[in-house]
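Work through the exercises below with the sequence and the 3D view side by side. Try each task before reading its solution.

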Amino acid sequence: MIDFRFDIITEYSHFFLMGTLLTIGLSLASVFLGSLLGLFIAIGELLENKVLAFIFKAYVGFFRGTPLFVQILIIYFGVIPALFGEANGIVSAITALSLNAGAYIAETIRAGIQSISRGQAEASRSLGMNKFQSMRYIILPQAIRRILPALGNEFISLIKDSSLASTIATPELMYWAQSMNAQYYRVWESYISVALIYLILTLTANFILKHFEKKVPVK
Amino acid sequence: MIKVTDLKKAFDGNVILKGINLDINAQEVVVLIGPSGAGKSTFLRCLNQLETINSGHIFINGEDITNPKVDINKIRQKLGMVFQDFNLFPHMTVLENIMISPMKVKHESHKTAYETAIQLLNKVGLLNKATAYPDDLSGGQKQRIAIARALAMKPSVMLFDEPTSALDPEMVGEVLAVMQNLAREGMTMIVVTHEMGFAREVGNRIIFMDRGYIVEENSPQNLFSHPQKERTKAFLSKILSSQNNTLNTLQL
């Protein structure tokens, strides 16, 4: 610790910056795609058709019940090469993170939808709305306000979870920490640096989300 | 206008409606009374298929709505419903609450829906609350908005499911007044209520239900003054004495 080498951190600062941007990009893309997927799955889970609903529940069960790391490896080495003929780190990372986040977000959205009182659905249906209209105009707008904080937490989780993408040749933040460690055999400089950057990212995200939550009326 | 034959409904083997037969004519105000658990609300909810029935038929203007081929969303437009706990949409203003269904379901223009909404708000005496949110309204005001919201779909029948049961006593009157006006205008109404005064004043026909059956039906005068069945007598004496007691307490 005595000879903490700031010079190699300076040398890597450009890589850390690029890595940070990719980490943010991965997290934003995954929370966006994961939310769309999560909404789709949540509605699937609530289908009256038990067989169809089971398929969606099985999806959630699989992605919540297996390690994200394993999912990332399966998608990087298996799924993406099988679909596109070659491996791709960034595509695999976004795919794996989105599929995984989708499962968690689906549970959040399902709970949000179910937290809206039955009377709201009954009132809208009694006015002649079909199921889709009732969901679109009455249930979801109310549920979203309850889901939003949890979605923010999912985003913060994604910032941290995206570090696993370093194992599949995706040059995000953690990837550069490992490169630095490999090049200079310096543990503290590399890992403490990125730990601090991750902390700054999550604290900032948290601050922005809290600010944003206050702006959205609870009504 | 509405014809119900041998309607049966059970929840998990617990039989709530044990064979209801009923004819309701246009412009009639039918009031359903009876002890809680009699199946009054369930019956009302079966009429617009908020509850799926186990057997029997419901005909509305000759059309059997229990036929799975019938588009229930179309049928529900003709059956306005008012709930005990209002069920206004809390994320929308009063105007939006009233306008959303005409615009999204009937594809009315914003202008047409707006004009109807304003007219209805005037009718229920709440024009000044057009831009308020439901949370800012009293219970009585909420229920009047809920009535306006149902009327905006221009239904041919209005179903009222204990519309005043969740209200503070001083707000019951304003809601009943709106309903009374509606009845005067010739709206066909089916009302589940414990307000015997309203039943007597506004109802054309009173139906006494108990334990899943229609026990007795008659004009208000006959049913309240000369109940035929023992169960009707027992119920009326119980509820009327308790309502009189409340009245006496108030007058003290």
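**Exercise 1: the nonpolar cores**

Task: find which residues touch the most other members of the largest nonpolar core.

Solution. Among the 83 residues of the largest nonpolar core, those touching the most other members are F43(B), L47(B) and I190(B). Helix α6 of chain A (residues 131–161) supplies the largest share of this core, 11 residues. Another core, of 52 residues, lies apart from it and includes M99(B), V178(B), A199(B) and I239(B). A nonpolar core is a set of buried Ala, Val, Leu, Ile, Met, Phe, Trp, Tyr and Cys residues joined through side-chain atoms within 4.5 Å. Buried means under 20% relative accessible area (1.4 Å probe, protein chains only).

The model is predicted: local features need pLDDT of at least 70, side-chain atom pairs count only at pLDDT 80 or more, and totals for chains, interfaces and linings use all residues. Residues are numbered from 1 along each chain as its sequence is written, chains are lettered from A in the order in which they are written, and side-chain values use heavy atoms, without hydrogens and water.

**Exercise 2: chain A**

Task: describe the secondary structure and burial of chain A.

Solution. Chain A has 8 helices and 0 strands, counted as DSSP runs (H or I, at least four residues, for helices; E, at least two, for strands). Of its 219 residues, 44% are buried. Its C-alpha atoms fill a box of roughly 75 × 45 × 25 Å along the principal axes.

Notes: Buried means under 20% relative accessible area, exposed over 50%, partly exposed in between (1.4 Å probe, protein chains only).
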